[in-house]
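Look at the sequence and the model first. Then follow this report through some loops, a pair of helices and a few single residues.

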Protein chains: 2
Amino acid sequence: MVEVRKPIPVEEAVHQVMNHRIEGSEEVVLLHHSDNRRLAESVVAKHPVPSFDKSPYDGFAFRSEDTIDASLDNPVSFEVIEHIGAGQVPTKVIHKNQAIRIMTGAQIPEGADCVAMFEICRTFKENGIDFMSIKRKMRPDQNIIKEGSEVTNGETLVKVGALINPGVKALLATFGYHKVTVAKKPVVGVIATGTELLDVEEELQPGKIRNSNAYMIASQIIRAGGEYNYLGKLADEFDSSYQTIKKALDEVDILITTGGVSVGDFDLMPAIYEKLGADVLFNKVAMRPGSVTTVAVRGNQLLFGLSGNPSACYVGFELFVRPILHHMLFSDNPYLKRIKATLVDPFPKPNPFTRFVRSYVSYENKEVLAHLAGMDKSNVVSSLAHTTGLMVLPGGTRGFEPGTDVELLLLNEADTQREFNS
Amino acid sequence: MVEVRKPIPVEEAVHQVMNHRIEGSEEVVLLHHSDNRRLAESVVAKHPVPSFDKSPYDGFAFRSEDTIDASLDNPVSFEVIEHIGAGQVPTKVIHKNQAIRIMTGAQIPEGADCVAMFEICRTFKENGIDFMSIKRKMRPDQNIIKEGSEVTNGETLVKVGALINPGVKALLATFGYHKVTVAKKPVVGVIATGTELLDVEEELQPGKIRNSNAYMIASQIIRAGGEYNYLGKLADEFDSSYQTIKKALDEVDILITTGGVSVGDFDLMPAIYEKLGADVLFNKVAMRPGSVTTVAVRGNQLLFGLSGNPSACYVGFELFVRPILHHMLFSDNPYLKRIKATLVDPFPKPNPFTRFVRSYVSYENKEVLAHLAGMDKSNVVSSLAHTTGLMVLPGGTRGFEPGTDVELLLLNEADTQREFNS
């Protein structure tokens with residue numbers, strides 16, 4: 001009576017999905033609208049930084065050799081021949097015992113090879129002419145930020161696939177990237193299945209629950225850098241469900257359905273995959289939660305049949321959908337960052353299969369600690385609110401004591417940005 | 001000639017700014033548009049979860065007491081009187097030796113107190129009537145998810161100020177929050193000062209640089225949860241600058257200017273604060289970079305005069321502006337998360353003042369490691385692209401060897417979400 005499915009190991013399942021990864025595409029956006037997008041072109045220095053020798057301070061620029069005899073007892077005087085602010089260009093050339101008053105960021109005048117801060121200079125007037133004097137010896141290049149000392153021309157500064165954060169945006173602005181070529185956001189369709197689902201605005205009814213998975217998945221898609229297209233709920237009825245899904249596939253890169261993938265009498269997805277001519281890569285994974293996760297391929301589209309169970313749905317997305325999206329966003333390491341941590345809470349349950357436990361991280365004296373985000377039943381939605389990582393407990397283990405070393409997948413990748421950069 | 005400013009300690013500066021913190025306001029958005037917003041109302045369970053006793057499996061529901069004599073040699077038979085899917089409500093009451101075929105998530109029928117999975121039941125027909133038999137004893141409540149076992153009615157699940165992540169969004173959907181009351185995004189005006197600044201689309205010119213700070217700050221505002229209003233560049237000219245800033249203050253909650261706060265001849269901000277009647281809280285902080293950071297108060301508005309130097313500007317925003325924004329977003333812990341880490345790279349420079357070093361984090365065998373994001377000169381913009389934390393080196397220290405314990409402020413707060421929740 002019941003179809004028997006053969007579970008495959010989770011690594012093998014991820015591998016099979018990634019074998020059918022989809023290539024991303026590019027689009028051009030204004031720099032103003034580029035936050036949190038991913039680069040489709042490397043940021044390359046289009047000129048040296050700084051692009052001219054400049055002053056780090058407000059002060060006077062002059063020839064260091066003119067201070068060779070300067071000392072506390074023997075101030076050396078300079079005629080102040082010009083006065084320039086940042087952005088102004090010196091018009092005069094410095095000769096012996098001449099100085100130009102210069103502001104932070106301004107270009108060093110020709111002939112000068114050092115800058116003395118205001119604080120160590122004394123200014124005075126004689127016969128209507130401005131002078132300044134200094135009692136210290138200056139070295140060549142002292143207080144001069146040399147052209148190209150930060151960045152040389154042509155240098156690759158940030159690589160394709162990196163997230164555009166405030167620092168990357170500053171770099172793009174520096175090099176005149178008024179428009180930026182970024183990865184197009186993959187469009188992911190979301191369909192919820194199940195007659196038990198009420199819309200969020202509906203009053204609760206006996207035997208029914210509100211559709212939370214569609215909202216959660218939409219939010220996971222946004223977090224992963226994609227764009228969601230919510231295509232509504234399916235009734236547990238074959239023909240209309242098939243039509244809805246077939247039509248959805250015209251509008252999206254990837255389709256996620258939640259629910260309908262078990263072997264229950266009302267679970268329609270297996271038959272829909274068949275009628276669509278989609279190849280089912282697997283329909284059972286040796287993991288908890290999310291064992292009924294199903295992935296199918298149709299042409300260059302992927303169809304993810306996630307469990308209707310909120311936590312299983314959540315985990316299924318992060319393990320299988322997220323790496324596909326990150327690949328489409330040009331990341332060369334699309335997987336969740338895996339770190340080691342010390343388990344704080346007891347986890348007494350046995351793990352016949354690889355288990356992904358909703359967790360969050362804290363830090364204590366340089367050590368990473370892993371906490372359970374809540375009760376770990378696959379049907380508990382409230383703990384997902386606190387989840388920032390998934391603890392990976394290998395199959396065949398029998399429960400974990402506080403203090404044990406565990407592995408953890410981090411769900412927020414902003415902290416691992418460095419690895420995407422050059 | 002040069003105004004002498006008295007630097008105040010950075011903690012004291014932050015404290016003074018927070019003494020003038022601004023209260024945030026609320027707005028209502030559709031749940032669909034609530035991602036990454038912050039809650040202005042706690043998420044409270046409006047009903048128990050589950051709201052009815054339900055089945056975790058596809059199987060049969062019946063009275064456990066009817067299996068008291070069941071064993072491998074003595075299967076007990078039940079008449080299958082109904083067949084319900086998730087979302088369907090049982091219409092019949094279970095009596096002795098009756099069972100109802102039930103799908104995952106469906107409501108437990110009246111009279112039943114356990115569910116047996118399909119896998120341990122045998123089904124058969126006799127005289128056109130459906131039967132199933134079972135060879136095991138079942139316990140009362142076995143395989144029943146009890147009403148309220150996940151969440152009890154009225155329970156506070158997520159607190160005001162929390163970021164709406166995928167799990168929080170799922171909770172909001174579960175409890176019918178079709179619309180959500182969130183913190184209104186603080187509006188932050190951004191004005192860049194300096195005649196040396198070119199627009200991003202302009203060709204490079206001698207002595208000039210492109211305006212990268214405005215883009216960077218806009219991106220930091222977005223990351224902190226605010227909304228930016230870019231009000232353009234000021235020329236280094238008093239009257240028009242004063243008018244622009246005065247007008248800007250009609251449109252924003254907070255005004256950030258970059259540059260113009262030194263004591264250089266072209267630095268207009270001090271005089272503009274005076275003419276505006278704004279109280280300057282401080283104009284020098286004992287820190288590097290960002291010592292010239294100036295903060296002024298005018299009525300219930302804050303004016304942040306950040307350095308024109310990119311890294312100083314970046315650090316000034318994160319230390320002084322971000323906590324104000326997070327307070328306005330109802331966070332009860334608006335400061336950057338501070339953790340300990342092991343320094344990986346040498347940092348030989350002496351630190352006469354507290355220094356904030358652009359860094360990023362990695363993890364090695366449960367240990368948090370701090371790396372330098374690049375050359376640490378306050379004028380180096382490229383390292384900001386890789387920065388995910390600021391290493392805090394106390395003033396009066398003389399350089400740090402690899403392996404030293406350091407403190408680090410984390411810039412991406414998604415990972416510390418747990419602390420904002422209940």
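A:Asn127 sits in the loop between strand E7 (121–126) and strand E8 (129–134) of chain A. The model is a predicted one. Phi of A:Asn127 is near 55°, a positive value, and the residue is not a glycine. A:Asn127 counts as exposed, because its relative accessibility is 78% and the cut-off is over 50%.

In chain B, B:Asn127 lies in the loop between strand E7 (121–126) and strand E8 (129–134). Its phi is positive too, at about 55°, although B:Asn127 is not a glycine. B:Asn127 is exposed, with a relative accessible area of 77%.

The table lists two of them.

Next come the helices. How many of the eleven residues of H3(B) are buried? Nine are, so H3(B) is largely enclosed by the rest of the structure. The buried residues are B:Asn213, B:Ala214, B:Tyr215, B:Met216, B:Ile217, B:Ala218, B:Ser219, B:Gln220 and B:Ile221. They pack against H2 of chain A. Within chain B, they pack against strand E11 (187–193), strand E14 (227–234), strand E15 (254–258), strand E19 (301–306) and helix H6 (310–328). Just after H3(B), B:Gly225 has a positive phi of about 100°.

Two packed helices are described by the angle between their axes and the distance between the axes. The axes of helix H2 (residues 166–174) of chain A and H3(B) come within 8 Å and cross at roughly 160°. That angle is over 145 degrees, so H2(A) is roughly antiparallel to H3(B). The crossing of H2(A) past H3(B) is right-handed. From H2(A), the residues in the contact are A:Pro166, A:Lys169, A:Ala170 and A:Ala173. They meet B:Tyr215, B:Met216, B:Ala218, B:Ser219, B:Gln220 and B:Arg223 of H3(B). By type, the residues of this contact are six nonpolar, two polar and two charged.

Take one residue of H3(B). B:Ile221 belongs to this helix, residues 213–223. Is B:Ile221 buried or exposed? It is buried, at 0% relative accessibility. Leaving aside neighbours within four places in sequence, B:Ile221 is in contact with B:Val188, B:Val190, B:Gly226, B:Glu227, B:Tyr228, B:Ile256 and B:Phe317.

Compare a strand residue. B:Leu30 lies in strand E1 (residues 26–30) of chain B. B:Leu30 is partly exposed, with a relative accessible area of 35%. Not counting residues up to four places away in sequence, B:Leu30 touches B:His178 and B:Lys179. B:Leu30 and B:Val180 are 150 residues apart along the chain, yet their C-alpha atoms are separated by 6.2 Å.

Now a loop residue of chain A. A:Arg63 lies between strand E3 (59–62) and strand E4 (76–84). A:Arg63 counts as buried because its relative accessible area, 18%, is under 20%. Its side chain makes a polar contact of 2.8 Å with the side chain of A:Asp66. Beyond neighbours within four places in sequence, A:Arg63 is in contact with residues including A:Phe78, A:Ile94, A:His95 and A:Cys114.

Notes: Residues are numbered from 1 along each chain as its sequence is written. Chains are lettered from A and ligands numbered from 1 in the order in which they are written. This is a predicted model: local features need pLDDT of at least 70, side-chain atom pairs count only at pLDDT 80 or more; totals for chains, interfaces and linings use all residues. Side-chain values use heavy atoms; hydrogens and water are left out. Helices (H or I, at least four residues) and strands (E, at least two) are DSSP runs, numbered from the N terminus. Buried means under 20% relative accessible area, exposed over 50%, partly exposed in between (1.4 Å probe, protein chains only). A polar contact is a pair of N or O atoms within 3.5 Å; within protein, one must be able to donate a hydrogen and the other to accept it, and residues adjacent in sequence count only if both atoms are side-chain atoms. Contact means heavy atoms within 4.5 Å. Axes are lines fitted to C-alpha atoms, for helices over the stretch in contact, and angles run from 0 to 180 degrees between N-to-C directions. Angles under 35 degrees count as roughly parallel, over 145 as roughly antiparallel, 65 to 115 as roughly perpendicular and the rest as oblique. A crossing is left-handed if the near helix is turned anticlockwise from the far one by less than a right angle, and right-handed if clockwise. Ala, Val, Leu, Ile, Met, Phe, Trp, Tyr, Cys and Pro count as nonpolar, Asp, Glu, Lys and Arg as charged, and the others, Gly among them, as polar.
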